[in-house]
Amino acid sequence: MRVAIIGGGIVGLATAYNLAKDGVDVVVFERKYLLYGASGRNSGGITAMLNNERLIEMAKKSMKIYDEVQSEIGFNFLYRKDGYIKVASTENDLNKLKEEMNLQKRMGVKVKQIDANEVKDFIPDFNADAVIGGVYGEGGVIFPWPVIWGYAKGCRELGVDVKDYTTVEEIVVKDRAIDGVKANGEFFKVDFIVNAAGAWSNEISRMAGVELNNKIIKEEICVTESLKPYLDPYLLDVTTGIYLSQSMRGEIVGGIVGNEVESIDVKGSLDFLVKYAKRAVELIPKLKGLCILRQWAGVYDEGKDIPNISTTNVKGFIQANGFGKFGMCLAPAAAIEVTRLIRKT
Ligand SMILES: Cc1cc2nc3c(=O)[nH]c(=O)nc-3n(C[C@H](O)[C@H](O)[C@H](O)COP(=O)(O)OP(=O)(O)OC[C@H]3O[C@@H](n4cnc5c(N)ncnc54)[C@H](O)[C@@H]3O)c2cc1C
């Protein structure tokens, strides 16, 4: 059996790795370099504090897999498990957090409610007046680059052909079944194609004649000069969508949860910087005066189902996309689902 995976992000590479471990012949096509997509541009927040059973289960499993895969592959993902805090500044948002927390607890996630002052137990100079409360739970931050490099290493060692700078231009379908794929002008005969193209998944799907209407979300993010390490957990303010954490190099990495856009757009904006900086300083006054060194944006896709792991009406054409804001949290476990789906198709 030969499987082509379109997209060299976390979803494509984790899936390739699992399929190869299962003895499948796999080729991965990545149009640019391996960190080009959302998987190379995100903030690496890892949590199982999510809002439905399927996502919570998948995230819990993924957190475990990250530990195992690092030693399996022999690559350090720089995964720091210093906790994940969600804060809110409206009653409505706080009530939602509590409701979700009850579900998470029932499903075995270690999470507890904290009041605004208790945030200071985790972030000493937090401004308790900026929020009305929150939740604290297990989780943390993973550095996305070594995750991608590590999975790519693991794939190659298992014989996966990871082709970067190779654009899929055409999907060849015969009698409503996959025949192969054309990339950089060359034809590859395959039995299955996995559409793991993130924000580009709609256009890949169209190549196979399958309609897919995932939303495209643009999210902006930035990094400051380094501070002495002091901020352990990942912090998300659910009311404004502002999040931040501190990298191992001491930089504050933070952004604002993204919005739907019509088409792919990875330009940074001044608006973002102003909004982000204002709220970040309200939450943690100590950040005032820090220089922002770089800003960038990324695009990801959000399916009606998050994530969308499914067969289609073209035999052998598999969707593995629509991960929304949670691709890093979910991909390792999702990859196992994709492998199972292919095995039973
Ligand atoms: C700023 C930001 C912050 C985020 N923060 C978090 C977070 O804290 N936690 C979390 O879990 N998630 C986060 N996310 C979301 C997460 O990054 C995504 O869910 C995840 O990376 C999606 O992975 P993917 O493999 O589906 O897509 P991608 O990583 O985008 O990979 C798709 C790849 O397909 C390639 N491709 C497209 N067309 C073709 C073609 N024709 N031929 C070959 N290759 C093609 C693209 O070049 C791309 O590299 C964040 C995202 C952003 C942008």
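## An exposed loop residue

Asn184 is exposed, because 12 other C-beta atoms lie within 10 Å of its own and a residue with 12 or fewer counts as exposed. The model described here is a predicted one. Asn184 sits in the loop between strand S10 (177-183) and strand S11 (186-189). Its phi is near 45 degrees, a positive value in a residue other than glycine.

## Other loop residues

Leu78 also has a positive phi, about 50 degrees, although it is not a glycine. Leu78 belongs to the loop between H2 and strand S4 (84-88). It counts as partly exposed, because it has 17 C-beta neighbours inside 10 Å, and partly exposed residues fall between the limits of 12 or fewer for exposed and 20 or more for buried.

Is Leu231 buried or exposed? Leu231 has 22 C-beta neighbours inside 10 Å, so it counts as buried. This residue is in the loop between S13 and strand S14 (234-237). Leaving aside residues up to four places away in sequence, Leu231 touches Ile123, Ser245 and Gln246. Between Leu231 and Ile73 there are 29 Å in space, C-alpha to C-alpha, and the two are 158 residues apart in sequence.

The peptide bond from Ile306 to Pro307 is cis, and its omega is near -15 degrees. Pro307 is part of the loop between S17 and strand S18 (308-311).

## Two domains

The protein chain is divided into two domains: domain 1 (2-75 + 144-213 + 304-344) and domain 2 (84-137 + 215-302). Taken over C-alpha atoms, the centres of domain 1 and domain 2 are separated by 27 Å.

Where the domains meet, 23 residues of domain 1 are in contact with 24 residues of domain 2. On the side of domain 1 that touches domain 2, strand S3 (45-47) and H2 each supply at least two residues. H2 gives the most to this side, with four residues. By class, the side of domain 1 that touches domain 2 has seven nonpolar, eleven polar and five charged residues.

## Around the ligand

Which residues are closest to the ligand? They are Gly9, Gly37, Gly198, Gly298 and Gly327, and 40 residues surround the ligand in total. Helix H1 (10-21), strand S13 (215-226), strand S17 (292-302) and helix H8 (327-344) are the elements that give two or more residues to this shell. The shell divides into 18 nonpolar, 16 polar and six charged residues.

Why does the ligand lie between the two domains? Domain 1 and domain 2 both give residues to the shell around the ligand, so the ligand lies between them.

## Two helices in contact

Two packed helices are described by the angle between their axes and the distance between the axes. The axes of helix H2 (residues 53-73) and H8 come within 7 Å and cross at roughly 80 degrees. H2 is therefore roughly perpendicular to H8, because angles of 65 to 115 degrees count as roughly perpendicular.

H2 brings Leu55, Met58, Ala59, Lys61, Ser62, Ile65, Tyr66 and Val69 to the contact, while H8 brings Cys329, Leu330, Ala331, Pro332, Ala333 and Ala334. The residues of the contact of H2 with H8 comprise twelve nonpolar, one polar and one charged.

Methods. Residues numbered from 1 in each chain as written. Predicted model: local features only at pLDDT ≥ 70, side-chain atom pairs only at ≥ 80, totals over all residues. Near = placed C-beta within 6 Å. Nonpolar A, V, L, I, M, F, W, Y, C, P; charged D, E, K, R; others polar. Domains from an automatic or database assignment. Axes fitted to C-alpha atoms, helices over the stretch in contact; angles between N-to-C directions. Parallel < 35°, antiparallel > 145°, perpendicular 65-115°, else oblique. Contact = placed C-beta atoms within 7 Å.
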